[in-house]
Every structure is written in structure tokens, then in C-alpha cells.
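Open the model in your viewer and keep the selection tool ready. The tour goes stop by stop.

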Amino acid sequence: MQEDGRRSNQDRTLRTRAALIVAARRLFVVKGYADTGTPELVAEAGVTRGALYHHFADKQALFRAVIEAENAALADEIERAAPQERGAMEALIAGGEAFLAAMSEPGRTRLLLIEAPAVLGRETVDAIDAAHGGRTLREGIAAAVANGLLRPVPVEEAALLLSAVYDRAALSIAAGADGQEWRALIRAVLDGLRPPVG
């Protein structure tokens, strides 16, 4: 019986935490971090202020949890679209396509590329990205280099360069730019990294 009580407490804790993250994401997308107050967050989540502070030290900690959840979802979408069985170069290209598609999720570009660096700082955002989407890009580049499909470029630096290109493309597309032009340009960049033929 005690085990059931512990499980129901854990379930309740997980549900409350998830409700806060979902509510916070919704408000941060609509109003932005700065214009979202903690009273709105708890009202939107349907929890008490005490519950908020039980799970998160402050609004910034809740925002970080939202950013981590978004990054995890993004990495999951990339990995599903680019299984290693596709071949290293095909997986790298498919992963980039999946990134751009996943960034079209309403609010995601604003959260990850505009609000997160402003609120959490570049170093924290880079660390979160490195564990999620950045990791998938590094792994894809490393596999393509190891298989001779890309020149022997330094993987970390190549990942940072391509990440910046993908982020800039996502921001531009979110602002109304032609996604096909960005995709063609990214494809040309990747083709330029291929080893010379013959």
C-alpha cells in the first residue's frame, strides 16, 4: 500500500511539473519571457504558486526546463527522420531537413533562437543544444567524415558552422523567407565539403 502511495505521489509530481512546462511554453510563446508573470503561469497551469516554487527555483528555472524540453523534442524529431541505416550522408541531409521542419513548430524558433540566448545566456544555451540537436549534428558530421563522405574537417568546428547556418535559415524562414532557397544553399555548402572526385 505504501508503494502505491509513493507511486501516486510521483505521478502527481510529474503531472504538476509537466503542466507547468506546457503552460509556460504557451505563455512564453505568446507573450515572451519578460512579459509573462508567475501569477499567469500558475493560473495557466492550474496549480498553486507554492507548487511552482516546489518544482522550480524561479521563473528562469521554469524557462530553462521549457528550453530543455524543446531541445529534446527537436533532437527526437531529427533522430527519427535520420536513422543511421540511411547512410551517413543521407542521414546528415535528412537530419538537417528535419531540423528545419521541426523549427516550423509554432513558437519554437522564437523560444530557442531568440528568447533562450537572451534569458539564459549563450553559454547555457550552447550547453543545452550540445546535449540535444547539436549532438545529432556532430554525430552526423563525424559519421560522414569517418565514411569518407565529407573531407576530413574538424568535427566540432564544422558542427558549429553548420549549426549557425541552420539557425539562421530557421530564423529567416520563420520571418517569411523562401525555405527552398535556404535548403538549396545548405545543400551547396554540404556538397562543398565533399571530397574531390577522382
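Start by selecting Leu 92, Gly 96, Phe 99 and Leu 100 in α5, then Tyr 166, Asp 167, Ala 169, Ala 170 and Ile 173 in α9; these two groups meet. Contact here means heavy atoms within 4.5 Å. By class, the contact has seven nonpolar, one polar and one charged residues. Ala, Val, Leu, Ile, Met, Phe, Trp, Tyr, Cys and Pro count as nonpolar, Asp, Glu, Lys and Arg as charged, and the others, Gly among them, as polar.

A note on the source: this is a predicted model, where local features need pLDDT of at least 70, side-chain atom pairs count only at pLDDT 80 or more, and totals for chains, interfaces and linings use all residues. Residues are numbered from 1 along each chain as its sequence is written, and side-chain values use heavy atoms, with hydrogens and water left out.

Now show all of α5 (residues 88-102) and α9 (residues 155-174). Their axes come within 10 Å and cross at roughly 35°. Axes are lines fitted to C-alpha atoms, for helices over the stretch in contact, with angles from 0 to 180 degrees between N-to-C directions. Helices are DSSP runs (H or I, at least four residues), numbered from the N terminus.

Next, select Arg 151, in the loop between α8 (133-146) and α9. Arg 151 is partly exposed because its relative accessibility is 37% (buried is under 20%, exposed over 50%, partly exposed in between, with a 1.4 Å probe and protein chains only). Beyond four places in sequence, Arg 151 touches Val 145, Gly 192, Leu 193, Arg 194, Pro 195 and Pro 196.

Last stop: Arg 25, in helix α1 (residues 2-31). Arg 25 is buried, at 18% relative accessible area.
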